[in-house]
Amino acid sequence: INNVTIIDDYAHHPVEISAVLQAARNSCKGKVYAVMQPHRYSRLKRFLTDFAESLELSDGVFIAPIYSAGEQSNGVSHLDLLKVLEGNGNIPAVLVEDVEKLRSYIGTQLTPGDFVVFLGAGDITHWAYKFADLIR
């Protein structure tokens, strides 16, 4: 859309996210933005720092609320991932609670050649399609 590539990827593990973002980086002529929805509390708790490291392959990351997939909270949330990313200070990291907020943050700064990569195994796939409609 307007020479911006929007990718919806099922990646929900740090190794998968690293592979997707590296491939995007190798293919992209502009910036690579990651929109990540953590999938499951248990996975986020186990791989919290690994998720942050993998997301730092992007030029900026937007963290969506966790998709629990039926799990109960275990004391960690998407806000913890945001704190780790902010603490590392390597890339801009922003909380986005819905796709409209994402549009307001990033929609005006996208330039031809940029990639927006939606990552996760929850309902983030719906965000990707709605985001495409919003920036048309």
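# Salt bridges and a helix pair

Because its relative accessibility is 54%, aspartate 133 counts as exposed, where exposed means over 50% relative accessible area, buried under 20% and partly exposed in between, with a 1.4 Å probe and protein chains only. The model is a predicted one, in which local features need pLDDT of at least 70 and side-chain atom pairs count only at pLDDT 80 or more, while totals for chains, interfaces and linings use all residues. Residues are numbered from 1 along each chain as its sequence is written, and side-chain values use heavy atoms, with hydrogens and water left out.

Aspartate 133 forms a salt bridge with arginine 136, their closest N and O atoms lying 3.5 Å apart; a salt bridge here is a side-chain nitrogen of Lys or Arg within 4 Å of a carboxyl oxygen of Asp or Glu. Arginine 136, at 64% relative accessibility, likewise counts as exposed. Side chains of opposite charge can pair when their charged atoms come close.

The structure holds four salt bridges. In one of them, the side chains of aspartate 59 and arginine 25 meet with an N to O distance of 3.1 Å. This pair links distant parts of the chain, 34 residues apart, since aspartate 59 is in the loop between helix 3 (48-55) and strand 3 (60-63) and arginine 25 is in helix 1 (residues 14-27); helices (H or I, at least four residues) and strands (E, at least two) are DSSP runs, numbered from the N terminus. Aspartate 59, at 29% relative accessibility, counts as partly exposed, and arginine 25, at 28%, also counts as partly exposed.

Another salt bridge joins glutamate 71 to arginine 40, with the closest N and O atoms 3.6 Å apart. Here too the pair links distant parts of the chain, 31 residues apart: glutamate 71 is in the loop between strand 3 and helix 4 (78-88), and arginine 40 is in the loop between strand 2 (32-36) and helix 2 (41-46). Arginine 40 counts as partly exposed, at 28% relative accessibility.

We turn now to a pair of helices. Helix 5 (residues 99-106) and helix 6 (residues 124-135) pack at an angle of about 50°, with their axes 10 Å apart; axes are lines fitted to C-alpha atoms, for helices over the stretch in contact, and angles run from 0 to 180 degrees between N-to-C directions. The contact (heavy atoms within 4.5 Å) is made by Val99, Glu100, Leu102, Arg103 and Ile106 of helix 5 and by Trp127, Lys130, Phe131, Leu134 and Ile135 of helix 6.
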